[in-house]
Structures are given as structure tokens and as C-alpha cells.
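User: Could you take a close look at one part of this protein, the nonpolar core, and walk me through how it is put together?

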Amino acid sequence: MTEYYHFKSDEKQVLINLPVSLAVVEIKEDHTHLLLLSKGADQLFHFDEQSVQEQIEEFNEDPAHYIAQKDIAILKNVIGEALSSPDQSFKATIEMASEHFHEETYIDVDGEIEVREDHFLIFAHMSDVTKRQISLMNATQTSDHLSMLLNKILATTQTCIFWKDQDRRFLGANKAFLDYYGFPSLDVILGKTDEDIGWHIDPEPFKDDELKIINNGESTFKVHGTCIARGQVRDIVASKSPLYMDGKVIGLVGTFDDVTDDYHQQQEISKLNNALLNSLKNEEKANAAKSDFMARMSHDMRTPLTTIIGLSDQAIENTKSDEDRVVYHQIKDASKYLLSLLNDILDVEKFDSGKMRRNDEVVNIERLYQQVKTMIEPSAHKKGQNFIIDNEKLPQGHYVKTDERWLTQILINIINNAVKYTPDHGTIKWTTHYQSEDDGTIMANFTISDTGVGMSKDFLKHMYEPFTQEMNILSHSETSTGLGLSIVKNAVLMFGGIITCESELNKGTTFHISIPLELPSEEELASHHEKKNSLSANVSVLKNKYALLCEDVQINAAIIKSILNKYGINCDIANNGQEGVNALKANPDRYDVILMDIRMPVMDGLTAAKTIRTFNTEIPIVALSANTYKEDIQRSLSAGMNAHIGKPIDVKELIETLCSLLA
């Protein structure tokens, strides 16, 4: 029978009563024998005092009941190594058997070997490290899983990935990288630099950005370069970042993408963009030339029209022959038609070039409708037509903010067409309905219907195109440019409105037009009334005033002078802007107002006005111009003029303007 070591009773009692977890084991003939457990160990293993000796005996019979089988051999090896070491100590972590420990349990064993009278005793201190060990195992499993996942990502991703050391030598690369260059394995590139492999036609861009990364810790993004892959020159973009260890850069990791197709496509797009820019510049030059031509044509045509209409007015007023008066009226009407044709062509050009702009102002909407009625009604009555007007009253007063000229022209064009293309004794109806919008505006809904010849379905598809006209019985007998509906559509769109049409041959046509109208503020309304009152013509203020008229066309100068003389204004004439400047300098106190044509030889009207303002800032200057768009008016005002009047001159507008400036 094997004789095991016996502690003295007092030592044994001390050991058993220790509050720390201690187990004393004897090693005998390659066999371990548990001698005793401290009370601390009893508590660690949840043994009660009565069963401790029983648990010790059971352990000695078969340790596998208490220690996991795989860890018994590990523990023996650790102890064996400790017996052969000078300090005769060991440390191990073991898993307890599930037979006595229903939950997963791990114990740290920190042992020292002591030799007593040929007995090898192990004094093992124990502690429960279950939580630590489980966490460590989970972390290891997670790390293994992440490592496996990373390897799988590197193997399957289509992006070429590589990593290098601080000397720019390859440490590794993924499968996509090797496949891109056609390398059979990593051995081809490991330990080599880009220059060693020689796959870059120009390695400097890549070398420079890699040195920035390694030396400065910078990251680079999509550096473009070229490389040779499988015998072909390819365009690539590479992005790289530093690799750190303990706060120091130890290398870099990078990716690259083949952008050969995209790069070539971008080059083609760049070429196309340059070609497009050149084309746009040429188009801009062509548009500028066209606009200049239209402006010159406007001036050159309006100038003789001014003469014809002015002479016609004088002849109508002075002739005593009714027969001659009829002829002069016909000349005047023909000139006005030619003027309207010119205006239509210029309007279409303005819309096409995007230069048309609204000029909103406070307008009495009821008066605007009355003006439209006054202009249309005589033509309708002449044809014996039933002209019905059913316009609602504006919900809030009579005033709105809108572009009076264009709103009037839209209504006149549509209603005039209804009169023109409706046979004698037909019916034209114009109704207006208002609708309040959520944004505070008022939607004016106009409906103009007639019982005229109507339009075909085919023509309805093209009705808004310039120079188009339906061929029917009335269209052959009516004069039209085919521009009216094109201008109306563009004008409605300029307002942000909508226009629709319903028509049927020989049954009539109905237009629906919706245009948003703003309501003026109290301040805007007060300013409008003040302006209107100040502009009320008091012709008596014109008596004995002196005007300097700068006009290069003698007949036009004579006509304007005749108009001024009729209202008591004396007038001197200058043949160009320079003569006008000289006349004012020679007689600075003689003139009360200057009428300035814009296009003149030697010195144009704008230059003359700017020159005058350098030495006389008080005298009113009124521009007389065949160009009457908003930008033309603004140029006149910017040159220092006080007002702008279009040609052919409207006598009423001219006199009211002079009254307001000379009052």
C-alpha cells in the first residue's frame, strides 16, 4: 500500500482553515494524490464540510470526475516541466469537468513544489477565471471568424488590393491584384518594389505619393497613372493609406481601379464639350449679330414709318378734301399695319433669344378691359357680330400688379382673331372669372369663344408655331403674319400661365387662358395714384418753353417740331449728338428740355446724354428711340436721361411726358 505524506495536526489544521483557495497534492510514482483542501477551496467548489473528505477520496479515485479529460494531461505536463525547473513552480488554466460543475467553469492554478522527506508536495493556489476565459475564447473565436472573413473578402473582392512595408516592398496582395497582372502567385511580387517589377511606364507619380504616405502619414486618393498589364497599357487610379503600429508608420495599404474605358470616354466627352462650347460661342456670336441686325432694322424701318405716320397726321388735319383725307387715312393705316408686323417679328426674336422680360406695374384692371373693348368693339359692330362681355369684378378693388402691355396684347390678339375669323352676324363671347390662390395671388381665367370657321385637328397641333396659318375661306381674305398665336403662347408662359384651345371646323373656337395676377400693397397703390396725378397733362406749362431736338432725319425733325410748336414749345434742331452738346454749351440757359434721338451719326444719343451730364445735371433729357424694349429704356436711363419715348411717336405720350418734366 502506497504511503502518502502526513501533515502534523497543527499544520494540517492551519492549512484546512485558510480562507484562500488552496489544494495540497502529492506526486508519487507519476501519480497525483489530493491530500487536503482549504475552506477557501471548499467555497470555490461549493463543497459542504461534511462531504469534503468524500470529495477528496472521489477525486483521488478518478480526477476526470473533477477536471476535464483534455486538461488532465496538460496539467501533468505542466507539473512535469515544473519538477525539472530550478524554481519548481508552474501555472495553468484548466477546465473543470461538467459532472460536478454543471456550468462551464475555468480555474487558474498557480502551484509551487516543495520536497519533504522524499515526498513531492504541490501547494496549488486556485482562482475562478471562468468569465475571463470565456471572454478570451469568444474574442479568439471572433478574431478567427474575422480573419477568415477578411481572407474571404480579399479573395473575392474585384478591387485590386495590396500592402507594402516602409521600403515600398510588397508584403501581400489579393487575388484580384494577381489576376489583373496575370501573376501565378504572390511569390512573383513579394519583397519587390514597383520599379523592380517595371510595370509602370512612368513610376514617379506612384512613387511620390507612396513616399508622402510613409514619410508624412498622408493618405492619397485616386492618383492617376498608367501601367502595363498582360502586355497592354492601361489607365489606373490608386488610393493609399498608411499602416500604423505603436503610432509609427510601418507601411501602406492601397487599392486601384482600372479606368481605361472611363478615362478615354472622359477624353471624348471633353473633346465634345470643347466642340460644344465653340459651337455655343459661335451661336452666341450669331445671336448677337442677329440681335444687332434686328435693332438696326427696327430703327431703320421705324424711322421712315415715323415720317409717314407723322405726315399722314398732318395731311389729315390740314386737308380740306374728304377724298384726300380718305387716302391719307389709308396711308396711315397701312403704315400702322407695317409697324405692327415689325413689332411682331421683333417680339418673336426677343422670345426666342430669351430676352423678353415682364415689366409689372400697378394697373387698373377694369380700365385695361375697357381699353380692349374699345379697340375691338368697332370691328365687331362693323361685321354685325354679337360681341358679349361677361367679366366678374375683381374681388379686392380694381388694381393688380401685372405687365399691362402684354396682358392687353394677349387679350387683343385672341379676341381680334375671334372677330377676324367669325363671319358677319356671328357671336364672340369674352368672360372673366377670378380664383384666389393659396400664395395670395389671383388667378384670372379668361374664356374667349366664337362661332367662327374654327380650326382643323391637324392645324391645332401646329397653331402656336411662328408663321403658321389655317387655310380657309376667311384666312384668304384676312391679312395675317401668322405670328399672333406664337407671341400669345410665349407671353402666357412668361406670366407663368396656361393656354388651351378647343376648336372644330365650321363650328367655332374657344380659348381658355389662366394668368396669375398679384395684388399691390398699400404703398405700391399710393405710389401709383401719386404718379398718375403728377402725370395729368397740364399743357399750359408748355407755353413759351424751349426744346433742343437732336434728330438726324430732317423730315422727322420737322414733324416733331411741328407737334411741339402746336403746344407752344419753341424748338431748335441739332443734326447729331455732337451738335446738341455744342448748342447746350453755347446757350446753357436757353433750353428747358432736350429731345434726344438714339441712333445718330458723329455722336449717338446715349454718348451725347452722358457728355451733357458731365456739365449739366439739371436739364431734362427725353430719349426718342425706335427700340422700346425694357433693356433699351434702361440703357437710356443709365446714360442720364429722364424718360424714353418710342418711335413712331405717340403725341399724347410725348406731351404728357413733357408736362410731367416741365411742371
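Analyst: Phe446 touches Tyr369, Leu407, Leu411, Trp430, Thr431, Thr432, Phe511, His512 and Ile513, leaving out residues up to four places away in sequence, where contact means heavy atoms within 4.5 Å. This is a predicted model, in which local features need pLDDT of at least 70 and side-chain atom pairs count only at pLDDT 80 or more, while totals for chains, interfaces and linings use all residues. Residues are numbered from 1 along each chain as its sequence is written, and side-chain values use heavy atoms, with hydrogens and water left out.

Phe446 is, with Ile415, Trp430 and Ile513, one of the residues with the most contacts inside the largest nonpolar core, which has 42 residues. Such a core is a set of buried Ala, Val, Leu, Ile, Met, Phe, Trp, Tyr and Cys residues joined through side-chain atoms within 4.5 Å, and buried means under 20% relative accessible area, with a 1.4 Å probe and protein chains only. At least two residues each come from helix 11 (365-382), helix 12 (404-420), strand 14 (427-436), strand 15 (442-450), helix 15 (484-495) and strand 17 (508-517); helices (H or I, at least four residues) and strands (E, at least two) are DSSP runs, numbered from the N terminus. Helix 12 gives the largest share, 9 residues.

Thr408 also lies in helix 12, and this residue is buried, with a relative accessible area of 12%. Its side chain reaches the backbone oxygen of Glu404 at 2.7 Å, and, leaving aside neighbours within four places in sequence, Thr408 is in contact with Leu368 and Val372.

Notes. Buried < 20%, exposed > 50% of the residue type's maximum accessible area, 1.4 Å probe, protein only. Polar contact = N/O pair within 3.5 Å; in protein donor to acceptor, adjacent residues only side chain to side chain.
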